[in-house]
Amino acid sequence: MPERRLASGQAPLDTILGGGLIDPSIALIAGLPGSGKTVLAQQYAFANGTEQLPAIYLSTVAEPLSKILYFGEALSFFDPGRIGRSVLFEDLSGELDDNGLTGMLDRISGRVERRPCSLLIIDSFRALRYRGVGEREFEGFVHQLAGRLAATGTMALWLGEYRRDELEGCPEFAVADAAVLLATEDAGQRDNRALRVLKLRGSDFRSGAHAYRIESSGVRVFPRLSDIDAGPYELSERRATSGITALDELVGDGYWPGSATLVIGPSGSGKTVMGLQFVYGGAGLGEPGVFASMQENRVQLERMISGFGWDIGSRTAVLRCDSPNDIYIDQWYYDLLDTIDAAGAHRLVIDSLGDLAAACPDEKRFREFVYALLNHCSRAAISVLLTYESAELYGHTRLSERGVSHLSDNVILLQYLRDEAHVGRALTVLKTRASRHVPQPYAFDITDDGISIKAPLKPV
């Protein structure tokens with residue numbers, strides 16, 4: 001008999017859970033107030049409840065039923081027309097006051113015995129402790145309830161206000177077949193929400209911290225980036241033009257498909273222009289590309305594009321402009337993949353890597369992000385160009401401080417040249433994989449047509 005899984009209504013979360021929670025089982029959703037437990041439970045209810053097998057939502061003493069319904073109506077999946085038909089809400093606070101845990105046990109078990117359901121939710125389970133109940137009495141209640149739910153084949157979600165360090169000694173954690181923790185983690189000047197699967201009996205799952213956001217559509221989860229796999233490599237032998245004829249020659253007739261190119265240089269040295277030429281050079285050949293900017297707003301970027309005579313309205317050159325102050329790196333990553341898929345893009349420019357790094361102060365996590373991004377694009381035969389701003393104007397003693405230059409197939413260095421009369425620009429191809437090149441500096445200008453590479457510079 002195939003194993004049944006309970007869908008969350010959101011594919012990324014089901015992926016983290018190895019296909020979804022095993023059905024039937026008891027799953028504990030833990031987290032402090034405001035972490036999104038109630039929203040997530042309601043997502044499960046509306047994703048699984050039917051008129052034949054409704055989802056039953058039982059509120060206890062922590063969250064009044066009227067408040068649950070009031071705030072639930074603000075969520076896009078919350079359908080008032082299904083209340084009382086496929087999603088049933090019931091307040092049990094009076095039962096606990098009148099008859100204690102014994103009455104509560106009989107009420108819950110009697111409920112599922114009279115009418116089978118697709119899902120039973122108890123919110124809040126931990127609140128059942130705070131009515132003068134001794135530890136042994138509560139532990140007995142937990143085990144008896146678990147036994148009765150198992151006997152009726154009932155899928156259950158128990159919600160509770162637990163910190164991670166509190167769970168180890170709780171009988172409800174020991175009894176639960178699955179445990180999911182929702183938490184808020186301090187990340188400098190911003191807070192990041194993280195979902196962790198602490199246990200999932202009988203199934204594999206994706207470990208670690210997975211970012212999530214609470215939106216009008218509910219709890220939206222972004223699986224940990226290092227877990228992403230875009231499938232097998234399918235690369236062709238056709239090179240991708242850089243959009244600059246002379247640069248194509250320097251890197252061996254263009255970039256390999258699926259390769260990553262890192263362009264390093266100081267402010268104003270031409271990094272953004274080189275990225276735009278890469279995207280619009282491909283657009284002219286019918287190869288869609290995405291230019292993701294955190295350096296320029298859309299007005300500035302379109303003014304620059306028009307100045308070089310490129311078509312702002314080109315459907316094969318898609319622009320994304322985001323503020324680095326407003327992005328969460330995991331969410332930005334998945335939104336970017338959606339943009340790439342919608343455009344059918346073969347090229348991607350990220351301008352700049354330093355701004356993305358500022359949105360992710362954890363260096364290890366940022367490296368995981370870059371690796372996941374480049375791995376995904378490489379497998380999908382998407383050629384990537386990354387820009388990185390250096391602090392040194394005229395000479396460079398080191399490359400990217402973020403440890404990403406070794407992940408790049410090509411590294412191009414831009415710098416300023418200075419003499420007594422003027423300031424010029426120079427370009428050097430420092431590295432190319434699977435191509436011959438000479439790491440020699442070349443002078444270049446930024447003209448009305450973009451970057452124009454001139455003669456090689458003579459050694460001083």
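Q: Which residues touch the most other members of the largest nonpolar core?
A: Trp 332, Leu 336, Leu 348, Ile 350, Leu 356, Phe 366 and Phe 369, out of 39 residues in that core. A nonpolar core is a set of buried Ala, Val, Leu, Ile, Met, Phe, Trp, Tyr and Cys residues joined through side-chain atoms within 4.5 Å. Buried means under 20% relative accessible area (1.4 Å probe, protein chains only). This is a predicted model: local features need pLDDT of at least 70, side-chain atom pairs pLDDT 80 or more, while totals for chains, interfaces and linings use all residues. Numbering starts from 1 along each chain, and side-chain values use heavy atoms, without hydrogens or water.

Q: What does Leu 336 touch?
A: Val 290, Ala 292, Arg 320, Leu 348, Ile 350 and Leu 373, leaving out residues up to four places away in sequence. Contact means heavy atoms within 4.5 Å.

Q: How many residues are in the other core?
A: That separate core has 36 residues, including Leu 13, Phe 77, Met 155 and Ala 178.

Q: On to helices. At what angle do α4 and α5 cross?
A: Roughly 10°, with the axes of α4 (residues 93-114) and α5 (residues 135-151) coming within 10 Å. So α4 is roughly parallel to α5, a label for angles under 35 degrees. Axes are lines fitted to C-alpha atoms over the stretch in contact, with angles from 0 to 180 degrees between N-to-C directions.

Q: Which residues make that contact?
A: Among them are Leu 101 and Met 104 of α4, and Phe 138 and Phe 141 of α5.

Notes
Buried < 20%, exposed > 50% of the residue type's maximum accessible area, 1.4 Å probe, protein only. Helix = DSSP H or I, 4+ residues; strand = E, 2+ residues; numbered from the N terminus. Parallel < 35°, antiparallel > 145°, perpendicular 65-115°, else oblique.
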